Amino acid sequence: METLTVQPSRRSRKLGLSGIREIFEKAQKIPDVIRLEFGEPDFDTPDNIKAAAIRAINAGMTKYTSSAGVPELRSAIASKLASENGVDYDSASEVIVTAGATSAINLAFLSTVDVGDEILVPDPGWATYPYAVQAVSAVPVSYPLREASGYSFEREAVERLVSAKTKAILINTPSNPTGAILQRSNLQEIADFAMERNLFVISDEVYEKFLYEDPGGKNKEHVSIASLQGMRERTVTVNAFSKTYAMTGWRLGYAAAAEPISAAMTKINAAQSSCVSTIAQYAALEALSGPQDSVSNMISAFAKRREVLVNGLNELPGFSCPMPHGAFYAFPNISGTRTKSYDLAMKIVEKGHVAVVPGSSFGAEGEDHLRLAYANSLENIRAALERIRKVL
Ligand SMILES: Cc1ncc(COP(=O)(O)O)c(C=O)c1O
């Protein structure tokens, strides 16, 4: 009898792996490598959060929860969104706890678009976005964010990309990889665009706490687009505990949206994973309701590292780096080195033993840049700058 061969789905075959992975694999094999490619805080999860998880285990909080998450946590998230982000959500029907922001984004896509629909994604933007769109059988359409305009949303450029199939636009502020923040007036332009074109907005705000002072001493402001007039009904606000509380491995995030979309996300979450780890959810409750000084201490450390890294990058031949206002990434322009970002990143890891990410991993507009995360000690950042200088 003829043997029939089975094939993975067409959807999965289309997916690529991000360029970060290649650098990561290379770096694994170099014992003295300094890792500036990682997108996660080098801090440990605060002790009070760990203790809450242990208490939850000992108290037998080890069963399934509602697919939207435990009510106490959803209620704490709704209070946070009201007081800090200026958006009112009903905790019982409009907030859902997810396995990281990654899952929140996936649920947002599955609940707002159908097979073959188009989703506008930022370029440069987090390398996973286009793959996440493809994984739900939708089509990613990259919209350019130009360095020359501070990586702000430029309606004219985006308008050209809209088709009858465009259903949603994804935004990310503060941004990975550029560290740029979308100002309130720019968010209003996005809001007007979304309302006129009848689009959903998926707003990834995982770096909202990572904001730094301007040279003038003024603190930057994080604005949630859902708080702008008319936007609550068409926005899915995505956030996570991963970066703010150094909890990347706990897989904890959330989404908030008006009731019909939240209900859809909850149904899909039930089908996909039932619910998020109960133990982790009680740890998240402590993260939100316990002391916040670990967050401010971490941000102060990042602020110092940002200065050292960016000043050091500006002294390298062929590099120029604007001061990023948020997140924990520097995104220097390296066109003065006359080397493609992929080749330069490879050279830096192979010869200098410093892992950095080529800007091209974040989209075509990312070419001529490298991304360096300052989620590493000042000592390592200084050593990395010296190694890169030698390579150049
Ligand atoms: C912009 C952005 N969104 C989402 C995520 C993923 O967050 P989580 O670990 O909570 O899934 C990352 C991780 O690097 C990110 O940079």
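Me: How many aromatic pairs does the structure hold?

Reply: This is a predicted model, and 18 aromatic pairs are found in it. One of them joins Trp126 and Tyr129: the ring centres are 5.4 Å apart and the planes stand at 90°, so this pair is edge-to-face.

Me: What is the geometry of the pair formed by Tyr207 and Phe328?

Reply: The centres of these two rings are 5.3 Å apart with the planes at 85°, so Tyr207 and Phe328 are edge-to-face. The pair links distant parts of the chain, 121 residues apart. Tyr207 is in the loop between β6 (200–204) and β7 (235–240), and Phe328 is in the loop between α11 (293–314) and β9. Both residues are buried.

Me: Which residues are linked into a cluster by ring pairs?

Reply: The cluster consists of Phe43, Tyr207, Phe210, Tyr212, Phe302, Phe328, Tyr329 and Tyr374.

Me: Now the strands. How many residues of β7 are buried?

Reply: In a regular strand, side chains alternate between the two faces of the sheet. Six of the six residues of β7 are buried, so this strand is largely enclosed by the rest of the structure. Thr235, Thr237 and Asn239 are on one side of β7, with Val236, Val238 and Ala240 on the other, and both faces are covered.

Me: Which strands does β7 pair with, and in what sense?

Reply: β6 pairs with β7 in the parallel sense over four bridges. Within that pairing, Ile202 is opposite Val236. Strand β8 (residues 253–256) pairs with β7 in the antiparallel sense, also over four bridges. There, Asn239 has Tyr254 as its bridge partner.

Me: In what order do β9, β11 and β12 lie in their sheet?

Reply: The order is β9-β12-β11, in an open sheet with antiparallel pairing. β9 (329–330) and β11 (357–358) are the edge strands, each pairing on one side only. Between β9 and strand β12 (residues 370–373) there are two bridges. Ala330 stands opposite Leu372 of β12.

Me: Where is Ala168, and is this residue buried or exposed?

Reply: Ala168 belongs to strand β5 (residues 166–172). The relative accessibility of Ala168 is 0%, so the residue counts as buried. For a sense of distance, Ala168 and Met247 are 79 residues apart along the chain, and their C-alpha atoms are separated by 29 Å.

Me: What parts of the structure supply the lining of the largest pocket?

Reply: The helices α2 (19–28), α5 (100–112) and α6 (128–135) each give at least two residues to this lining. At least three residues come from each of domain 1 (10–44 + 293–391) and domain 2 (48–289). By class, the lining has 12 nonpolar, nine polar and seven charged residues.

Me: Where does the second largest pocket lie?

Reply: Domain 1 and domain 2 both give residues to the lining of the second largest pocket, so this pocket lies between them. Its volume is about 220 Å³. Among its 18 lining residues, Gly150, Tyr151, Ala180, Met323 and His325 lie nearest the centre. The classes are nine nonpolar, eight polar and one charged.

Me: What is the volume of the largest cavity, and what lines it?

Reply: A cavity differs from a pocket in that the probe fits inside but cannot get out. The count comes to one cavity of 30 Å³ or more, and the largest cavity has a volume of about 100 Å³. It is lined by 13 residues, and Tyr143, Leu145, Tyr151, Asn172 and Leu182 are the closest to its centre. The lining has 10 nonpolar, three polar and no charged residues.

How values were computed
Residues numbered from 1 in each chain as written. Predicted model: local features only at pLDDT ≥ 70, side-chain atom pairs only at ≥ 80, totals over all residues. Heavy atoms only, no water. Nonpolar A, V, L, I, M, F, W, Y, C, P; charged D, E, K, R; others polar. Domains from an automatic or database assignment. 1 Å grid on protein atoms, 1.4 Å probe; cavity = no way out; pocket = protein on both sides within 12 Å on 5 of 7 lines; lining within 4 Å. Points joined across faces, edges and corners; volume = space filled by probe spheres on them. Pairing = 2+ DSSP bridges. Phe/Tyr/Trp six-rings, centres within 6.5 Å; stacked < 30°, edge-to-face > 60°. Buried < 20%, exposed > 50% of the residue type's maximum accessible area, 1.4 Å probe, protein only.
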